[in-house]
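Subject: Structure handover

Hello,

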Amino acid sequence: MPRRILYLNPSAHLGGAERSLVSLLEALDRNQYQPLAALGHPGLLQNELQRLKVPCEVWPFPDAVLRYSRFHRNSIRARAQAGWQLPGFLLRTRALARKLRPLHLLHANGIKSHLQAAWLSATLAPRPLLLWHAHDFPPAGEAGWLLAAAARRADLVIANSQAVAQAWLARIPSLAGRVEVVHNGINLRIFAGGNGPAFRARHRLWPQAPLVGMVGILAPWKGQEIFLQAARRVLDARPEVRFLLVGDDVYDTSGHGGRRQMLESLAADLGLGEAIRFTGFLDAEMADAYAALDLAVHASTRPEPFGMVIIEAMAAGAPVVAAAAGGVLEIIRPGENGWLTPPGDAAGLAQAILKLLADDNLRMRLSRQARADASRNFSMDVYAAKMQSIYDKLVSGIQA
Ligand code: GLC
């Protein structure tokens, strides 16, 4: 009988952690593992899970818990509200999880789900194994305290990069020996198959102009402002260059809303006018979008835990300029398969963009190496195989 894994994901938007989960489920051996999913709210991830025939339920997170964010000063009232709503929520989720038994393993895919799954693993009988998939650096404050307290429940923590693994070990030293690194993987076939000219035509973009683009959710730390400021400098030197900003406000947590509007007015203030286009969220068209770019920019202002958009661009053959911090340093070898600039440095980014746009050979060389590295290191098959051998190891310690 296949072992039953319950995937717990706090969000149902298609951010990096969710797309990583989709890749894993796409390649998972269903003869050995039967996936089920529970999401913190309804959203596009449900459609993806349906497409993959993964049974999925929504176990709605209470509003205040959903909004709680490490990137925002949560007011005392908001914190009290979240604390107040938590016990009822946990009891409800336990009742729901009981109906899904037998559950052999809980795979928690985000900080809020780590806590939720720790509670489930502590209170369900028989006890499911607990795996925390860390897609982010550990939070500070009360969420950090709670995580540290719950950490003894986790049978294993998978970090999406060495950088994230080290941060977790530094924050919660008792995890020593229970943290493994598995880099993300993607469906290479999809990303390598984009049609750039078709994308430009469909979106009425400039058919010929050199196009520099940035892809990512519009979160405050993703650095879209830096990209816009760099765009201004690039335009001053090369007025024919054009820019694309792909992504939208997606997260529900406080401090994450209204970015699109803010960035559009910043672009207007910088006088970028017709030289930039905001596409909003793209889903099925992502491969085409990367293929349309002469250069892909990553500009996170805090260390990026991993950087899905970087490996996607690499697989698509778009040369990448990325912000040198966090997991990015495990993906990009500067001057070989991409280019690095200091995080938060718009002038440095502009310089890098200008240098790369001026040198077709360099861009071609980087892109060729990037494609090769992506297929060797970041395929969803390699990723799923690593994850599955971790599942195998974990479940071999328990009785069927
Ligand atoms: C999170 C991280 C991002 C990473 C993704 C997948 O979204 O912020 O860096 O690529 O998870 O692991």
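How far is an oxygen atom of the ligand from an N or O atom in the side chain of His135? The distance is 2.6 Å, a polar contact (a pair of N or O atoms within 3.5 Å; within protein, one must be able to donate a hydrogen and the other to accept it, and residues adjacent in sequence count only if both atoms are side-chain atoms).

First, the ground rules. This is a predicted model: local features need pLDDT of at least 70, side-chain atom pairs count only at pLDDT 80 or more, and totals for chains, interfaces and linings use all residues. Residues are numbered from 1 along each chain as its sequence is written, and side-chain values use heavy atoms, with hydrogens and water left out.

Now Gly196. This residue sits in helix α9, residues 196–202 (helices are DSSP runs of H or I, at least four residues, numbered from the N terminus). Gly196 is buried, because its relative accessibility is 4% (buried means under 20% relative accessible area, 1.4 Å probe, protein chains only). Val181 is 15 residues away along the chain, and the two C-alpha atoms are 34 Å apart.

Regards

Definitions and conventions:
Helix = DSSP H or I, 4+ residues; strand = E, 2+ residues; numbered from the N terminus. Buried < 20%, exposed > 50% of the residue type's maximum accessible area, 1.4 Å probe, protein only.
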